[in-house]
Every structure is written in structure tokens, then in C-alpha cells.
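Hi everyone, thanks for coming. Please have a look at the structure on the screen, and I'll walk you through it piece by piece.

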Amino acid sequence: MKLRVQLQCKNLHEYLRELSPEVLDRLYDHPATCLAVYRDHDECVSVLAGLRLWHSQQLQGGLQGYILNPVFKDNLRIALLGGGKAWADEGSSLGPDRHARDILSLDRYAMERWEVILQFMVGSPGAAVSQDLALLLVQAGLMKSEAGEAPYITSAGFQFLLLDTASQLWYFTLQYLNTAQSRGMELVEILSFLFQLSFSTLGRDYSVEGMSDSLLTFLQHLREFGLVFQRKVREHPLPLCQTPLPPRKSRRYYPTRLAITLAAGVTSTSSTLATPGTGDAGFIVVETNYRLYAYTDSELQIALVALFSEMLYRFPNVVVAQVTRESVQQAIANGITAQQIIHFLRTRAHPVMLKQTPVLPPTITDQIRLWELERDRLTFTEGVLYNQFLSQVDFEVLRDRAQGLGCLVWQDVAHRVLVVSPQGHSEVKRFWKRQKSNT
Amino acid sequence: MHDPAMKQFLLFLDEKMALGKKFILKDLDDTHLFILEEVVKTLQERVGEKESSSFGPDSSASRS
């Protein structure tokens, strides 16, 4: 049976469009949100109507008109022209930070955190994440866990690993937002905060003053994803106190590059986010003899390459692997597609490779696709067989009914044989019994 | 199936009872067969074995 779940990566306004009208209305009560949505604004009217920016209204003369959602209008005006209350306390009340972090270290921190999550998914020993995060991965369908055992990766998880960082981040955030309500968090509040983050300045610190408990929890999760940085501060124990106090989180936080580019959507950020563990340059060389050289020492990248190739040798700065029929088909059996493998190789191609056209040797890309097709020589579809109809009319009536229900899998008119999907079978059978009792 | 050759191979397996029993319930057309649900996994393995014995780039198994 062909079971393949394709990961879908939605972007910002597709997500917003799915929210209920009440949630959207409350969301627009915050200027940052309005500005973020407005920025995405080169759309046609129907999209805006879908986002509840415009309300349909009858004009004089009976024409259909649109009026701007009044809450949206007010807050957008505040956002564009100034005024209203400050979005976020800019940390100036706390004084300059003695332990200030510069942009480079923030970037590095963000990448480290994100890499730990990916390594946890791959199952690298030594990569550990909090229980909350592991639960989120399971809820997102990226990992599965049997009772009492550590979670292991699913085929959707494999596909996720081979995506570029921006897409991964967005997919993950969407999953988080979807489960927010079930965790007792206010969706509107955390979405607003997310939009607010996207407008913050990289390298600047912000204060946690005035943030609700729900938001503070959200901030902790953001910290684990690498979207913000927050120091752990150890309190000095009071002289009379016997037990040391647990480390408290600092009152200031720094948004990282990942957070700021998040709300800008998936496509525009793929060039600005570096691949974890490698910096911006590609590092894989693929030869026409199916040899693969990965110039990296990042455990994560090596684990990803190992998903679809056989490791041969390992040196301090380079790993040599072979792309074989077994290794590729094993990857495909795990749910990765040939296209994903090829995309992975192309996007991480070493600069030397980028000089040739096409970047990857056609023999290799073709062969990977052929190996995938080999597995597809046989496809299996479940079904129920109907034959031995007494007349052509009987056959056609039932065939049309199955077709109408959308469960017709296959038919042979000349021999009066048809195959119906298992889901449709009970309905078709019921229909047939009714027919027989009527005639 | 995508090709008649594959169908012939399956008919062959069925006749020779290679999977332990007959599994083809009905021959539908050149590219479709109706078979027993329980043999699906075994069948896929057998087809996979056949594929690997055909010519292709060196795999680790064939390297000496």
C-alpha cells in the first residue's frame, strides 16, 4: 500500500485565514498584528475579506460594498502613525545589561538551540530536550512515542529534517499555535506577541515587565526553540537561607534572527538564514561515481546525509559516503521522496559544484528518481470486487452510484466488473440492496 | 502496475505458488490484478529482490 504523508508548509495568511472570525477580531486589537497583516497586503479583495479586514456592507443604492473593519482601522492607524501604549517595554527601565549579547552570539545561540532539536529528532545521543518540547514534536506528527519509551522519528519527521531552516521554523510554529489552546494558553495573546517580536530590533534587549503567566511560558518555549535568548540568573542566597534558590530567569530577553524573520513568511527568508552547523556555504560534493563528500564536522549534517547514503569513511573535516540503491530505497521506505533528497543535495552543494551546470550530475539525479520509481512499479490499492452482474443496466447503475460517491477504484465495462474502495463499500452495498428490493 | 512484464512476473509467482498459495483472485486487465490482501508485504519483498538482481551501479553487496 502506498502510504506517504506530504508535509505541507503554510504561510502566514493561510494560517490566519483558518482562524475563526472571533479570534481574528480580537487579534486585530493589537497594533503590531495589524501592521504585520497590512505588510502582506498586496492581495486581492477576497483575501482581505477572508481575513476579516473588510466587512461586507450594503451601500446606498443596494450595491455590495466593503467597509474596513473598525477595530483594524483604529489599530492600524496607531501602528502607522504612532500613539497608543507602548508595545513592549524596551528594557531601558532595567538599565544597561552587564551581560549584553551581540548579534553574532545571538545568531550562534539560535542555531545551536535549533540544532539540538533537530539532533534530538535524528536520535543523536546527547541531544536532550524538555518534556514539553518532546510532547510538541509528537503532537506535530514529527515523532511518535510508545508508552514508556523514548520517542522516535516518523516519516513526516524525516521530510521535515530535509527542509530548509525557514520552512522548518514556520511549520513548527504553526504546530505550536494549533496546540496552544489545548495547553490553556491564549492564542490571541501569543500570536500578538509573536508579531510584536517580528518588529523588534536584532541585538536589542526587551523587558518581561507586564507579561502574563501564559506569555511567560510562551517565552520559555521560544527560548528553547532558539527564538529568544534569556540568561539564567542565579540569585545570591540570603544569609539566613539554608537551601540555595533555583536559578531565576533574567528579566530581559533578546529576540534572535529566527524570531524576527519568522512573521515575514517562508519564501522571503530562505536566503538569510544559515544552515545550522555549516555557515552559509554549501559543503557537499557529489561525483558521477555515486561518491559523496561532505565537508563538515556538524553531527547534524552528517546524520542527515546518513539518512539516504552509506557512510564509508570519516575524517576530522570531511565525511565520505556512497549513494546506493539500498540506502536510497531505505530512505524512501522511511517516507522521504527522491525530490527531497535531490533538493537537499542541491541546496547544500559545495561552491565547486555550483560552477557547473547542472549543479548535480544528471546520472545521479536520474538514478535516484529511477530507484524511487522501481519501488512504484507495483502500487497497491485496497478495494472490494463486484462482478457477476446479471445485466449491463445493473452494472451501470451501481457503477454510476459508486462514481457519484467518489469511491470507484476501477471498472471494466465489457466484463461488468468493478472495484470499490473499502470506505465506500458499505454505502454501495446498502444502495444495491435497496435497488434489488425495488425491482 | 506500470508494465505488462511485471504482470507476467506476478502470474508466474502465482502459478508456481512461490508465496505458498495462489494469491491472484481475478485478472482484471493488462495492468491490474485483484489479489489477496495478506500477501501484499511478501509480494513487495519478492519484487524488491528481483529488482536488485538486475544490472545497476555497484552496490556495497557486490563490492568484493
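Let's start with a count: over all chains, the structure holds eight salt bridges. A salt bridge here is a side-chain nitrogen of Lys or Arg within 4 Å of a carboxyl oxygen of Asp or Glu.

Before I go on, a word on where this comes from. This is a predicted model, in which local features need pLDDT of at least 70 and side-chain atom pairs count only at pLDDT 80 or more, while totals for chains, interfaces and linings use all residues. Residues are numbered from 1 along each chain as its sequence is written, chains are lettered from A and ligands numbered from 1 in the order in which they are written, and side-chain values use heavy atoms, with hydrogens and water left out.

Now to one of the salt bridges. Glu299(A) pairs with Arg314(A), and their closest N and O atoms are 3.1 Å apart. This pair links distant parts of the chain, with Glu299(A) in helix H13 and Arg314(A) in strand E12 (residues 310–314) of chain A, 15 residues apart. Helices (H or I, at least four residues) and strands (E, at least two) are DSSP runs, numbered from the N terminus.

For the cut-offs, buried means under 20% relative accessible area, exposed means over 50%, and partly exposed is in between, with a 1.4 Å probe and protein chains only.

Another salt bridge joins Asp400(A) and Arg399(A), at 2.9 Å from N to O. Here Asp400(A) is partly exposed, with a relative accessible area of 40%, whereas Arg399(A) is buried, with 14%.

Lys22(B) meets Asp14(B), with the closest N and O atoms 3.8 Å apart. Lys22(B) is partly exposed, at 48% relative accessible area, while Asp14(B) is buried, at 8%. Back in chain A, salt bridges that share partners tie Arg401(A), Glu427(A) and Arg430(A) into one network.

Let's return to helix H13, and to a helix that packs with it. How do H6 and H13 of chain A pack? Helix H6 (residues 103–122) and helix H13 (residues 299–306) of chain A pack at an angle of about 35°, and their axes are 10 Å apart. Axes are lines fitted to C-alpha atoms, for helices over the stretch in contact, and angles run from 0 to 180 degrees between N-to-C directions.

The crossing of H6(A) and H13(A) is left-handed. That term applies if the near helix is turned anticlockwise from the far one by less than a right angle; clockwise would be right-handed.

Which residues make the contact? From H6(A) they are Glu115(A), Leu118(A), Gln119(A) and Val122(A), and from H13(A) they are Glu299(A), Leu300(A), Ala303(A) and Leu304(A). Contact means heavy atoms within 4.5 Å. By type, the residues of this contact are five nonpolar, one polar and two charged. In that scheme Ala, Val, Leu, Ile, Met, Phe, Trp, Tyr, Cys and Pro count as nonpolar, Asp, Glu, Lys and Arg as charged, and the others, Gly among them, as polar.

Let's zoom in on Gln119(A), which lies in helix H6. Gln119(A) is buried, with a relative accessible area of 15%. Leaving aside neighbours within four places in sequence, Gln119(A) is in contact with Ser124(A), Ala127(A), Glu299(A) and Leu300(A).

Next stop, Ile364(A), in helix H17 (residues 362–375) of chain A. Ile364(A) is buried, with a relative accessible area of 2%. With neighbours within four places in sequence set aside, Ile364(A) is in contact with Val286(A), Glu287(A), Thr288(A) and Tyr290(A). The C-alpha atoms of Ile364(A) and Ile342(A) are 9.1 Å apart, and these residues are 22 apart along the chain.

To finish, let's step back to the whole chains. Chain A has 19 helices and 16 strands, and 46% of its 439 residues are buried. Of the contacts in chain A between residues at least 6 apart in sequence, 64% join residues at least 24 apart.

Chain B has two helices and two strands, in the order α-β-β-α along the sequence. Buried residues make up 33% of the 64 residues in chain B. For chain B, 29% of contacts between residues at least 6 apart in sequence join residues at least 24 apart.
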